[in-house]
Amino acid sequence: MKCLILAGGSGDSLWPLSRKNYPKQFMNIKEGRSLLQETVVRNMPFCDEFVIVTKESYRNIVNGQMKAFQSLKYRLILEGSPKGTAAAIMLGNMFCNQSELVFVVTADHLIEGQEYREAVLRGKELAKEGYVAAIGIKPTENASGYDYIIKDEEDVLGFIERQQFDLKSDSYKNKEYLWNSGMYIYRVGDLINSVKNISPELYNTCRSAKRRTPAIRRGIRFSENVMKDIPTGSIEQIVFSKNSIVKVVEAEFGWKDVGNVSDLDGFGSVTHSDYVIKNNCEDVSVVNNAERQLVVTNDLNDIVVVNTEDAVYVSSKERAKDIKDIIKDNREKYESYFDYNRLSYREWGIHELLTWSEGYKVKKVTVFPGMSMNLHQHEMRSEHWAVVEGTATITLGQETRDYHKFESVFVPIGMKHKVANKTDKNVVIIEIGIGEVVSERDIVKIYTDESSEGNYIATQDNPVIKLDPAFKDNLWGGTKLRTVFGKKCDYDIIAESWELSAHPDGPSRIADGRYKGMLFGDYLSIIGKESLGWKCQAQDRFPILIKFIDAKQALSVQIHPDDEYALENEGEYGKNEMWYVVDSEPGSYLYCGLKKNTDKEEIERRIADNTITDILNKIEVKKGDVVMVKAGTIHAIGAGIIICEIQQNSNCTYRMYDYDRRDKYGNPRELHVKKALDVVDTKAYVKDNTTEVMLEENEHYSLERLVQCKYFECLKYEIKDEVKIVADESSFVSLVFIEGSGTIEADDYKQEVPFKAGESFFVSSGKRSINIKGKGTCIVTHV
Ligand SMILES: O=P(O)(O)OC[C@H]1O[C@@H](O)[C@@H](O)[C@@H](O)[C@@H]1O
């Protein structure tokens with residue numbers, strides 16, 4: 001199950017603990033962990049991947065907090081303009097497969113108790129039966145700040161928003177009601193199908209937003225412009241209140257939607273209680289978030305005091321919530337206090353302002369493991385750095401060296417400098433800036449390293465990287481990828497596993513080692529473009545995608561565009577692909593190309609009268625066969641075949657004919673006949689003559705070239721005991737094992753990595769050879 005965490009809230013409600021630059025979901029609530037981190041921990045037993053939907057400006061905070069979970073799988077969806085929970089949930093769903101179960105949770109709830117687990121498991125059962133399970137909490141008080149669900153047993157009679165709920169009103173007499181926790185469990189296909197019917201506007205606008213969102217690394221960023229047509233509102237308003245498939249799970253765990261500072265009672269570890277004295281006070285809560293500042297309260301009643309490094313809030317408990325209005329009325333004058341705390345989050349770490357005055361500024365600078373600042377310089381200030389934790393790798397001008405704890409450095413005005421952290425622990429530096437201008441405006445120049453995007457620093461790691469695939473559940477898929485290759489995926493059917501993929505529609509991940517769990521595309525940005533080899537330097541994205549395909553039924557009759565058409569119409573590359581038949585049932589066949597020259601009118605007519613396959617070139621296939629499918633060629637994989645597909649990095653398929661099949665909701669899959677006819681090659685199929693050329697055979701291995709085209713070259717090694725493969729500076733190398741087992745080792749990093757059939761490895765380019773020992777069939781691809 002995937003966990004979709006809604007973490008975009010930007011409320012002022014917990015001021016001065018929360019600020020606009022640091023809302024409550026990121027605040028430490030318990031034992032040094034934030035509400036967001038607490039949400040992740042709570043759901044780890046049920047979910048294997050996290051999709052976090054948040055505001056673009058919170059990206060660095062979320063990435064920083066997620067560092068606490070090494071190797072946890074997560075992705076970010078960044079909203080340029082938040083539009084409520086309906087949009088957030090639907091945009092999250094756009095990146096899930098239909099058969100995936102999703103658990104929607106909110107990042108800023110306080111939850112306690114064993115009953116949570118039972119509620120989730122019951123919700124999951126309902127979701128498997130095709131319902132959307134809403135988790136409702138048995139009210140323990142008449143809380144006006146909560147949304148309600150009116151119910152009858154497990155059926156939902158209505159969703160009531162907080163403002164409209166009045167317990168005394170006749171409409172709620174004799175009704176059963178629960179607090180609406182905003183947590184939902186469902187199967188993606190079920191929810192999307194009902195959104196399609198109930199709010200086509202929401203469905204279509206989110207879909208088109210997804211289509212218009214270019215592939216970027218680390219997160220999916222929906223710009224304000226791309227989101228502008230998506231309707232604003234809650235999922236309850238727009239979808240669930242009109243949806244008969246919602247069932248409620250009644251739960252009794254401790255649940256609190258923290259509305260204001262007086263709700264923090266009982267969750268006191270944000271408090272430095274050693275620095276609080278209460279004298280003769282009754283019902284007084286003190287939250288002291290400032291280290292070493294003493295708070296003394298005397299002879300008070302029913303009061304909440306919140307003390308932070310730069311602001312204090314004192315209120316009666318009852319009226320604590322008025323803070324929102326107070327902020328609204330006074331924002332203009334005190335914006336910096338209301339909106340910002342002293343922390344500033346960067347991709348590489350955190351700045352904390354300790355003190356400042358005219359002419360100086362003192363900061364605590366934390367650099368996360370494996371991260372680096374950009375090289376920069378100042379024109380108006382010099383800096384003194386004292387390392388107080390860890391080992392910092394500091395660049396000053398042309399020189400770079402390590403500085404250990406308690407060593408100091410002086411950075412003169414105008415000198416290029418940066419701090420990197422090559423270790424596994426945080427580096428902390430106390431920085432004293434002095435000069436005429438000490439604000440951030442004085443960064444006059446930032447030097448970015450073109451070859452490695454972002455602020456990661458490459459460390460000497462094994463260049464042989466094992467990958468975990470992303471899975472797809474297209475309706476024609478089977479179960480052989482699980483039974484033959486042991487793929488671990490809980491879908492009923494697995495149609496495809498994307499083994500080497502930096503494509504946002506199905507990115508593979510690093511399977512082992514230091515970067516375990518990381519998206520392959522992110523890993524590529526760490527090692528830098530140079531590590532892909534010089535042939536890739538002109539390309540703006542990773543060039544290839546490799547999949548296994550298990551066709552239990554026939555795939556659609558379809559076609560892929562070439563680069564020119566795809567870039568112009570889809571913002572994607574075109575798709576030339578090659579199929580290697582891993583296995584096939586007796587009598588299996590596929591279609592590739594036309595039997596004879598055929599004009600577009602005839603192709604169109606034959607699609608309409610269901611006779612398109614009559615004019616296609618039918619090829620019977622067996623294990624080991626190779627078919628090159630050039631862009632523009634009509635094709636269809638037939639039933640009973642497992643294929644290893646090497647293709648350009650694109651997910652652009654135009655379906656022409658789908659046997660009038662329906663999915664389980666009775667919907668036909670979309671066809672793209674017009675575009676298909678735009679790009680179709682109308683000439684008769686001619687077999688590619690670069691395929692299947694034996695290049696070498698000896699007692700240790702045989703080497704066959706499977707295919708060679710402008711985009712890639714694929715080689716097949718039948719390894720009897722050992723082979724050495726060269727990964728030179730021209731290209732990275734992909735290794736996909738079809739059969740066998742053994743070990744892989746690069747000669748410049750002596751560590752053996754085991755392999756077995758069905759596994760995939762990426763090796764960065766360089767002057768190295770890769771030794772494979774064992775027995776097996778390996779498909780080696782490079783550009
Ligand atoms: O459109 P359907 O029938 O699901 O088939 C889609 C699949 O077709 C195959 O021929 C390949 O091009 C795959 O890369 C693709 O994912």
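**Exercise 1.** Is asparagine 21 buried or exposed?

*Solution.* The model is predicted, with local features needing pLDDT of at least 70 and side-chain atom pairs pLDDT 80 or more, while totals for chains, interfaces and linings use all residues. Residues are numbered from 1 along each chain as its sequence is written, and side-chain values use heavy atoms, without hydrogens and water.

Step 1: the relative accessible area of asparagine 21 is 16%.
Step 2: buried means under 20%, exposed over 50%, and partly exposed in between, with a 1.4 Å probe and protein chains only. Asparagine 21 is therefore buried.
Step 3: its contacts (heavy atoms within 4.5 Å) include Tyr58, Asp339 and Leu343, leaving aside residues up to four places away in sequence.

**Exercise 2.** State which side chains have a polar atom close to an oxygen atom of the ligand, and how much of the ligand is covered.

*Solution.* Step 1: the cut-off for a polar contact is a pair of N or O atoms within 3.5 Å.
Step 2: from an oxygen atom of the ligand, a polar side-chain atom of glutamate 645 is 2.6 Å away. For tryptophan 476 the distance from a side-chain N or O atom is 2.7 Å, and for asparagine 474 it is 2.9 Å.
Step 3: on its own the ligand has 400 Å² of accessible area, and the protein covers 97% of this (Shrake-Rupley method, 1.4 Å probe).

**Exercise 3.** Describe the ligand shell by residue class.

*Solution.* The shell has 7 charged residues (Asp, Glu, Lys and Arg), 5 nonpolar (Ala, Val, Leu, Ile, Met, Phe, Trp, Tyr, Cys and Pro) and 6 polar (the others, Gly among them).

Notes:
A polar contact is a pair of N or O atoms within 3.5 Å; within protein, one must be able to donate a hydrogen and the other to accept it, and residues adjacent in sequence count only if both atoms are side-chain atoms.
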